[in-house]
Amino acid sequence: MSEIQRQIDTLRTRIEEYNYQYYVLDNPSVPDAEYDRLMRELQSIEEKYPELITSESPTQKVSGKADSAFDSITHLTPMLSLDNVFSEEELSGFNQRIANRIGEQAERSFTCEPKLDGLAISILYRDGKLERAATRGDGNIGEDVTQNIRTIKSIPLKLRGNHPGLLDVRGEVFMSKQTFDNINQEAIEKGEKVFANPRNAAAGSLRQLDPSITAKRSLSVYFYALGTAQGVELASSHFHRLMKLKEWGLPVCPEILRVQGQSGCESFYQDILARRESLPYEIDGVVYKVDEIAQQSELGFVSKAPRWAIAHKFPAQEELTKLEAVDFQVGRTGAITPVARLEPVFVGGVTVSNATLHNMDEIDRLGVKVGDTVVIRRAGDVIPQVVSVIMERRPEEAGDIEIPKQCPVCSSEVEREEDQAIYRCTGGLFCDAQRKESIKHFASRKAFDIEGLGDKLVEMLCDEGLIENVADIFKLEKEQLAKLERMADKSAENVIQAIEKSKTTTLAKFIYSLGIREVGEVTASNLAHHYLTIDTLIDATQDSLESVKDIGEVVAHHIVAFFKNQQNLEVINQLLEGGVNWPEIEILSEDQQPLLNQTWVLTGTLIQLKRTEAKQMLQKLGAKISGSVSKKTSVVVAGEAAGSKLTKANELGIKVIDEETFLAEISRFQEIE
Ligand code: 5U1
């Protein structure tokens with residue numbers, strides 16, 4: 001056998017295995033990017049050696065396979081798939097191919113749609129009634145999932161309006177990010193297997209033999225194409241046809257847009273890419289379709305994909321790389337976090353060489369060893385994560401990961417708290433790492449908000465011995481700063497001014513800045529409004545603390561322990577003597593707090609207000625601010641590009657207001673005050 005044939009066989013075997021894992025088991029082991037790479041490699045070899053193409057090659061068919069557990073349905077017209085482009089140059093190639101076939105057109109219209117990451121389906125309506133539904137399967141024969149599709153709330157069993165007598169409509173069944181999180185959370189609580197991603201969860205939920213399980217999974221659907229439509233006159237534009245689907249009661253993605261030419265397509269791509277994280281569903285790119293149906297017909301198809309449509313894929317959010325080593329980082333409270341050192345890999349639009357491994361339980365759960373090939377995920381601005389291990393690529397010399405017995409920074413003993421996944425350095429403020437981290441926290445935006453005193457400068461000041469604790473910040477002099485590397489006179493002056501400005505704060509921020517374990521912004525604010533002065537808080541007992549809103553035994557214990565420590569009290573004294581101050585907290589009567597007992601959630605981007613300002617306004621009126629939407633939420637303020645929290649609020653029927661309405665309501669209360 002020739003070397004080329006051997007290469008082709010290896011690629012085909014691998015791709016077939018990955019197809020099986022993806023389509024039949026709903027449990028892929030490698031990222032899409034790896035699959036796409038193998039497929040492209042095979043395609044390019046087959047292009048060079050067309051005599052080696054066989055009809056069984058994965059390049060020759062629409063992937064997928066009808067599962068024998070379901071009856072088969074032969075589609076009225078084949079369900080096609082889409083070719084992909086990954087760059088603007090490749091998109092130009094697509095446009096050039098269109099122009100070569102049907103002529104140049106300066107501003108050809110395209111319909112642009114997000115490419116949902118779900119499961120393609122075809123639904124047949126006869127005389128307006130849902131008759132049958134099928135998965136794509138191999139493109140010609142799919143699985144009969146009619147009973148399961150009937151349980152999806154947004155799919156009408158009867159069409160509305162002047163619909164076709166016979167309609168075969170195609171779309172994507174998907175699971176929203178929120179539903180996916182809820183289902184996986186439930187699975188964790190029950191000790192069951194979690195789904196790898198919303199797409200697999202959607203596929204696994206739809207291909208259930210018991211439709212009552214599908215019904216519980218809250219699947220969604222958006223339709224994007226007509227297979228067959230008989231008995232009505234159809235529009236000559238794809239975009240208008242989609243609008244018609246809406247009139248017949250079929251959900252269509254609200255993001256679709258008709259644009260002119262390649263530049264219109266590129267703008268759509270950039271816009272959706274920028275909003276990808278805040279969309280309530282997962283997408284892996286966008287789709288452009290020549291809008292004129294007459295032009296579509298002229299262009300026709302090539303093997304399994306139309307020439308008039310293309311998917312423009314986003315940079316992969318998951319990639320394969322090698323775990324080269326694991327280091328241990330010490331945080332502000334001594335928590336020791338394993339950090340994966342990776343062979344650099346381009347993922348989610350940037351080169352990644354580190355990823356968090358969270359804690360030792362996570363390492364056990366992943367079963368990961370040094371030397372393994374791992375799947376790395378980087379979505380949006382979230383810290384890169386190790387998602388899974390490709391076990392079949394484990395080298396013989398792969399090494400176990402063990403927690404160090406001593407702190408890697410100060411050599412103090414490392415302890416594991418009972419029933420906790422976290423190991424901690426017992427060095428406290430003796431540990432350089434904990435000291436540095438507590439100073440970084442103190443200077444950070446939500447705490448003292450000292451502009452210019454970022455993490456790097458804190459590191460330098462500590463390393464130079466210019467500060468040892470947070471109170472030393474207020475003793476710094478301009479000349480000391482100006483001597484530091486890459487610190488000009490002007491910058492030193494600015495930092496000194498920012499330090500001076502930060503001295504006036506609020507009691508809530510002061511408490512938060514102290515970095516007491518598990519005392520976040522909200523708890524700090526509750527403590528401030530309960531105790532009103534720092535001295536009363538310092539003297540508070542465990543029982544008294546447990547009576548404060550949202551404070552339980554553990555947090556109360558951390559607070560008591562913090563103020564018992566003489567070193568901490570000394571630092572607080574030095575801060576106050578150094579000029580740190582805050583205005584007295586006004587005690588408002590209940591009728592001055594019209595939002596008392598209400599819980600508000602802020603989501604999306606606010607344009608006219610800073611998020612912290614909005615929070616303060618609400619807290620002053622008595623409202624509690626929460627980071628997540630639940631049945632207990634009173635009102636959700638949805639700014640621009642609000643995502644999953646807004647969806648959840650709508651699902652739960654919770655009052656949602658925009659920023660304008662929020663400002664109007666707040667100013668009404670302020671007038672009453
Ligand atoms: N949004 C969208 N996704 N998607 C997938 N449109 C779309 N069109 C497709 C596929 C497979 O196929 C067309 C050829 C109808």
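1. Basis. The model is predicted: local features need pLDDT of at least 70, side-chain atom pairs count only at pLDDT 80 or more, and totals for chains, interfaces and linings use all residues. Residues are numbered from 1 along each chain as its sequence is written, and side-chain values use heavy atoms, with hydrogens and water left out.

2. Helix α5. Helices (H or I, at least four residues) and strands (E, at least two) are DSSP runs, numbered from the N terminus. Helix α5 covers residues 177-189, 13 residues in total, and spans 18 Å between its first and last C-alpha. That is close to the expected 18 Å, the expectation being 1.5 Å times one less than the number of residues. Just after α5, G191 has a positive phi of about 70°.

3. Burial of α5. The buried residues of this helix are K177, Q178, T179, F180, I183, N184 and A187. Buried means under 20% relative accessible area, exposed over 50%, and partly exposed in between (1.4 Å probe, protein chains only). The cover over these residues includes α6 (198-206) and α23 (644-652); contact means heavy atoms within 4.5 Å.

4. Salt bridges, R37 and E319. A salt bridge is a side-chain nitrogen of Lys or Arg within 4 Å of a carboxyl oxygen of Asp or Glu. The count by this rule is 41. In one of them, R37 pairs with E319, with 3.2 Å between the closest N and O atoms. R37 belongs to helix α2 (residues 32-48) and E319 to strand β14 (residues 318-330), so the pair ties together parts 282 residues apart in sequence. R37 is partly exposed at 42% relative accessible area, whereas E319 is buried at 9%.

5. D291 and R258. The closest N and O atoms of this salt bridge are 2.9 Å apart. D291 sits in the loop between β10 (283-290) and α10 (293-299), and R258 in strand β9 (residues 257-260), so parts 33 residues apart in sequence are tied together. The relative accessible area of D291 is 0%, which is buried; R258 is partly exposed at 35%.

6. R377 and E318 form a salt bridge at 3.4 Å, N to O. This pair links strand β17 (residues 373-377), which holds R377, with strand β14, which holds E318, across 59 residues. R377 is partly exposed, at 22% relative accessibility.

7. The β22-β21-β23-β24 sheet. This is an open sheet of four strands in that order, with parallel pairing. Two strands count as paired if DSSP finds at least two bridges between them. The edge strands, each pairing on one side only, are β22 (624-626) and β24 (655-657). Neighbouring strands are turned by 30° against each other on average, direction ignored. Strand β21 (residues 599-603) pairs with β22 in the parallel sense over three bridges, and S626 in β22 is the bridge partner of V601.

8. Helices on the sheet. Helix α22 (residues 611-620) packs on the sheet and touches β21 and β22, its direction making about 170° with that of β21. Helix α23 also packs on the sheet, touching β21, β23 (635-638) and β24, and its direction makes about 140° with that of β24. Axes are lines fitted to C-alpha atoms, for helices over the stretch in contact, and angles run from 0 to 180 degrees between N-to-C directions. α23 is also among the elements covering the buried residues of α5.
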